[in-house]
Each structure stands twice: as C-alpha cells, then as structure tokens.
Amino acid sequence: MMFIKTFNPVRLTNRESVTFLMQVIESAKSVDSESENKALENLVAKNTEFNNYLTNDTTVVRTNQLLGLLTQMNDNLHAVRLIVKGFSFSVDTVKKEAAQKVLAIFAKYGNTYGIGNFERVSKFRHITDEINALNITTEVLPIAEFIEPIKNIPDDFNAIYTERAEYVASTMGRIAESRRAAEEAYRSFVIYTNGLAVVEPEKYDAFVAQVNQIIAKVSLMIGNRCNKAADTEVEPNTTEC
C-alpha cells in the first residue's frame, strides 16, 4: 500500500512552491479530472490564484532596476577613479592638480563596499556632486562622459526604492495569503488522495509513486541549497535591494 509522503513546502521560494504544486496537479490530472475530484479542483483554483499574484508581482523587476542603477554608478565612478589616478602623474600641472582634487574627494568618502545599498547611493551622490562642483572641463580631464550619465541616478534610485516599498506593503500580504491557501489545499488533497489510494490502490499507486518522486527531487534541491549556504561565509549585500 502506497501513500504520498509528508512534505512541507515552507522552505521553497514562492516560485518553487507554485511550480511544485503545478507538477502535482499535472500528475493528478492523469488519474482524476477536476470535476470528479473536488480536492483536486480546489487545489487547482487556489494554486492558480497564487500563480496569478506571482505573475503580476513586479518586485523582482524593481529590484533589478535598483541593482542596475547601483552597478552603473559604481562602474562609472570606478572609471573616473582610474582616469584621475593616471592623470595624477601628469607633467601638466593643471591636469595633475585637477586629478588630485578628484582623488581627494574619493578619499574623503572612503570605500563604499560593505555598506548598505541605500547608504552607498548616498555616498555616490556626494562624490558625484562634489566632482561636478569642481567644474573640470573635458580638456583638463576626460571624465564628464562618465559623470554626466549618473548625476541623476540617486533620485531615480530613491524613486524606485520608494515605489517598491509601497508596492510590497500593498501586495506581499496577498501573495503570502494566497500561498497559504494553496498549500493548505495541497495538504487537504494529499489526505483525500491517500484515502483513495487505500480503496483503489490499482488506480492510485502509480500516481502516488510519481508524486513521491517530485517530493524527493524538491527535497534534494532544498538539501543541496542548505549545504551550499552552510559553506558560504560571506554573501552579497542585497538586503536593501
């Protein structure tokens, strides 16, 4: 006699959870139709609602936008730093003094690694503003092409950051609620199906075995992820993005 193994999807991400439930649903449809199995029908309905919320969730899009802006500022200011370091050895006094002034600004604000992303953007803004205030012409130092494109990025970053925070506040609760409902529907479906498997093992044994294979795969994935995390000493700072 076969039963669907106990499995709690709590350690899956939202997308992994909805995908896991979809796989179970597709396997179940090979045995029962939704109209015949109300537990399956309920699982389909709840997981569809959960998936719809995830599909419309733009948090990841906004997060990628924020990280993109950070990367652009970091790369452009890194280029400026390399340029002025080179010109700090120039025999041209004007160029050398201008380069040293820019290097002094970088030194003033120190290393921007190891700090929160929001604080990093603030530092980038101060560095960019102070370099702009020097009014260095392109003829003296060729840095304007790197400074000009990023001078408004802090404002763009703050706008998207605020927009995302407001969006998260308004939608994350609904996503969490829909996930709980879908996973509760899954648990009810498992209890019902295990009961049917006792009565009609010849009909449900193959399906039960298939679901147990799905559970084994996601359990292995979770185990591998936990092992990898345990071996990682330092992770990138993405808490504010």
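Modeller: The answers below take up these topics in turn. This is a predicted model, in which local features need pLDDT of at least 70 and side-chain atom pairs count only at pLDDT 80 or more, while totals for chains, interfaces and linings use all residues. Residues are numbered from 1 along each chain as its sequence is written, and side-chain values use heavy atoms, with hydrogens and water left out.

Colleague: At what angle do helix 2 and helix 7 pack?

Modeller: Helix 2 (residues 38-55) and helix 7 (residues 153-199) pack at about 160°, and their axes are 8 Å apart. Helices here are DSSP runs of H or I with at least four residues, numbered from the N terminus. Axes are lines fitted to C-alpha atoms over the stretch in contact, and angles run from 0 to 180 degrees between N-to-C directions.

Colleague: Roughly parallel or roughly antiparallel?

Modeller: Helix 2 and helix 7 are roughly antiparallel to each other, a term for angles over 145 degrees.

Colleague: New topic: how many salt bridges does the whole structure have?

Modeller: A search finds 11 salt bridges, each being a side-chain nitrogen of Lys or Arg within 4 Å of a carboxyl oxygen of Asp or Glu. One of them joins Glu-16 to Arg-225, with the closest N and O atoms 2.7 Å apart. Glu-16 lies in helix 1 and Arg-225 in helix 8 (residues 201-231), so this pair ties together parts 209 residues apart in sequence.

Colleague: Which residue meets Arg-62 in a salt bridge?

Modeller: Glu-163 does, at 3.0 Å from N to O. Because Glu-163 is in helix 7 and Arg-62 in helix 3 (residues 59-87), the pair ties together parts that are 101 residues apart in sequence.

Colleague: And is Arg-62 buried or exposed?

Modeller: Arg-62 counts as buried at 14% relative accessibility, whereas Glu-163 is partly exposed at 41%. Buried means under 20% relative accessible area, exposed over 50%, and partly exposed in between (1.4 Å probe, protein chains only).

Colleague: Which residues make the nonpolar surface patch?

Modeller: Met-1, Phe-3, Val-198 and Val-199 make a patch of about 430 Å². Such patches are made of residues with over 30% relative accessible area and no salt bridge, nonpolar side chains (Val, Leu, Ile, Met, Phe, Trp, Tyr) being joined within 5 Å. Phe-3 lies in the segment before helix 1 (14-29) and is partly exposed, at 38%.

Colleague: What about Phe-20, buried or exposed?

Modeller: Phe-20, in helix 1, is buried, with a relative accessible area of 1%.

Methods. Patch = residues over 30% accessible without salt bridge, like charges linked within 9 Å, V, L, I, M, F, W, Y side chains within 5 Å. Areas by Shrake-Rupley, 256 points an atom, 1.4 Å probe, with all protein chains shown as cover. Helix = DSSP H or I, 4+ residues; strand = E, 2+ residues; numbered from the N terminus. Parallel < 35°, antiparallel > 145°, perpendicular 65-115°, else oblique.
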